[in-house]
Amino acid sequence: MFDAYIDHANDAYAKGFRGCGLLNAASEFPAGDPARDSVRIHKEQVERLLAQGLTALTDNARARELAEHFSYLVEGSVTRAGLDGTPERLERARDFAAQMLDDL
């Protein structure tokens, strides 16, 4: 997941990398708007997929907890990477996630 975001950040953009396009779009709509809800639902689906993958390494409760942590890492780092205009925050977040997996 982190690699996909890093690849995205390394693409050439006319105005530079600005973070997650879905989050940027969602911020333009008021709370409760169906467009904003669609982005939230997508982010929840990604977190569920992470949890499913992590169940091969740990129990269901710990997998859900780790998926939430990884979700925070990726969403926060893509936001900061967008502000910085570089993938460095994403690369650091990927390293943090790898360490968390190693600690299992």
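1. The protein chain contains 5 helices and 0 strands, and its elements, read along the sequence, follow the pattern α-α-α-α-α; helices (H or I, at least four residues) and strands (E, at least two) are DSSP runs numbered from the N terminus. This is a predicted model, in which local features need pLDDT of at least 70 and side-chain atom pairs count only at pLDDT 80 or more, while totals for chains, interfaces and linings use all residues. Residues are numbered from 1 along each chain as its sequence is written, and side-chain values use heavy atoms, with hydrogens and water left out.

2. Along its principal axes, the C-alpha trace of the protein chain spans about 40 × 30 × 15 Å. Among contacts (heavy atoms within 4.5 Å) between residues at least 6 apart in sequence, 55% join residues at least 24 apart.

3. Of the 104 residues, 28% count as buried, where buried means under 20% relative accessible area, exposed over 50%, and partly exposed in between (1.4 Å probe, protein chains only). The chain exposes about 6700 Å², of which carbon and sulfur atoms supply 52%; these areas come from the Shrake-Rupley method with a 1.4 Å probe, and for residues only the protein chains shown count as cover.

4. Leu90 deserves a separate look: apart from its neighbours within four places in sequence, Leu90 is in contact with Phe2, Tyr5, Ile6, Ala9, Val74, Ser77, Val78 and Ala81.

5. Helix H4 (residues 60–84) also carries Arg64, which counts as exposed because its relative accessibility is 52%. The C-alpha atoms of Arg64 and Leu22, 42 residues apart along the chain, are separated by 23 Å.

6. Rings of Phe, Tyr and Trp (its six-membered ring) pair if their centres lie within 6.5 Å, with planes under 30 degrees apart counted as stacked, over 60 as edge-to-face and the rest as tilted; by this rule there is 1 aromatic pair. The ring centres of Tyr13 and Phe17 lie 6.2 Å apart with their planes at 45 degrees, so the pair is tilted. Tyr13 is partly exposed at 33% relative accessibility, whereas Phe17, at 6%, is buried.
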